[in-house]
Structures are given as structure tokens and as C-alpha cells.
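Subject: Structure handover

Hi there,

Here is the structure I promised to pass on to you. Please have a look at it first, and then read my notes below.

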Amino acid sequence: MQNLIKDGQRQDDPWTLVEDDAPLPAQGPMILPLALYLAQKAEWDASDRDIGVWLNDEQMAEDVTGSLDNLALIALRFPKFADGRGFSKARLLRERYGYSGELRAIGDFLPDQVFYMGRCGINAFACRTDDEASVALALLTPFSVRYQSGTDSTPLFERR
């Protein structure tokens with residue numbers, strides 16, 4: 001199943017999302033809980049594996065700023081679709097801290113939110129179902145002109 005949308009295309013997901021108490025996979029890239037990564041940061045940074053972290057709703061963008069150069073992926077967990085803290089974290093990671101790697105939305109978000117998530121700097125979406133991924137992909141670029149600024153463009157009035 002290809003429920004991952006990255007950079008506007010459906011893709012197979014090579015990453016394994018490690019939950020808080022789950023065993024670690026023997027090989028391949030993995031997305032670790034931030035606490036697990038920070039507890040063994042030196043070992044993870046020295047390993048030859050691709051490592052990413054996921055932030056829960058209570059963790060802040062500032063919690064990973066010392067590791068941005070070592071992380072290939074940062075996943076932002078949305079605990080419920082009405083929780084907008086992930087939008088702010090994405091914008092901070094892109095604009096204030098200059099993170100250029102993959103920013104992935106995971107958890108409970110709706111397909112109609114992906115356009116706004118993309119404007120905040122999220123470039124990958126782990127959708128729950130195949131149907132949800134199809135709808136989300138169609139809703140990624142619903143507008144040809146954007147009046148507001150985002151991480152992906154300047155505001156319309158500055159383009160004159």
C-alpha cells in the first residue's frame with residue numbers, strides 16, 4: 001500500500017515508525033520517539049542508519065534544534081485533527097531553524113488539511129488509508145494563486 005505522499009507524489013515508505021515501547025527494527029531507516037533518540041543520541045548519530053524522530057503534541061520544535069544536521073526526517077504527530085500545534089512546529093523548523101529535510105505529518109489529520117500543512121513546510125503525509133491518500137493528493141494544490149505567505153512562496157503583494 002502506498003499511503004505516503006511525499007513532495008506531491010505517492011511513494012512507498014521505507015521508514016519504520018517506532019512507537020514508544022515497540023522493539024527496534026534490525027535494519028532500515030527508522031523514526032524514533034524523541035525521548036529514545038535523545039537518550040542515546042551519540043550512538044544514533046554515529047550509526048550508519050538513517051534516523052528520524054517524531055514529536056508528540058507536547059514536544060516543541062526547539063527540542064530537536066541541536067540535532068537537525070543528523071536527522072533525515074522529523075515527523076510531527078497530530079493527536080487529533082483539531083490540534084494545530086504541528087502547523088506551528090513545522091513553520092518554526094523551516095523558517096526559524098532552517099531545517100531542509102523531510103517534515104512528515106503522522107497521526108490524526110484530515111485530507112483537507114494537507115494544503116495548509118504544505119504551506120507551513122510539511123512535505124510528506126502518512127495517510128491512514130489508500131482512499132484518504134487519494135483525496136489528500138488531489139487537495140494538495142487546489143489553488144493556483146495564494147495571497148498569504150508560506151514556506152513555499154512569498155505573498156502576492158510582494159510579487160508585483
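A pocket here is an open set of points on a 1 Å grid over the protein atoms alone, where a 1.4 Å probe fits and protein lies on both sides within 12 Å along at least five of seven lines; its lining residues have an atom within 4 Å of a point. Its volume is the space filled by probe spheres set on the points, which are joined across faces, edges and corners.

Please keep in mind that this is a predicted model: local features need pLDDT of at least 70, side-chain atom pairs count only at pLDDT 80 or more, and totals for chains, interfaces and linings use all residues. Residues are numbered from 1 along each chain as its sequence is written, and side-chain values use heavy atoms, with hydrogens and water left out.

**The fold**

The protein has five helices and eight strands, taken as DSSP runs (helices H or I, at least four residues; strands E, at least two) and numbered from the N terminus. The eight strands form an open sheet with mixed pairing, in the order β2-β1-β8-β7-β6-β5-β4-β3; two strands pair if DSSP finds at least two bridges between them. At the edges are β2 (9–11) and β3, each pairing on one side only. Between β6 and β7 the pairing is parallel, over six bridges, and Leu76 stands opposite Ala105 in β7.

The largest pocket holds about 250 Å³ of space. Its lining consists of 15 residues, with Asp13, Leu17, Arg104, Ala126 and Cys127 nearest the centre.

**The core**

A nonpolar core is a set of buried Ala, Val, Leu, Ile, Met, Phe, Trp, Tyr and Cys residues joined through side-chain atoms within 4.5 Å, where buried means under 20% relative accessible area with a 1.4 Å probe, protein chains only. The largest one has 33 residues, and Val64, Ile74, Leu76, Leu93 and Phe125 have the most contacts inside it. Another core of six residues lies apart from it, including Trp15 and Trp54. Leu93 touches, among others, Val64, Ile74 and Leu76, leaving aside residues up to four places away in sequence; contact means heavy atoms within 4.5 Å. Of the 160 residues of the protein, 39% count as buried.

Happy exploring!

Note on methods. Buried < 20%, exposed > 50% of the residue type's maximum accessible area, 1.4 Å probe, protein only.
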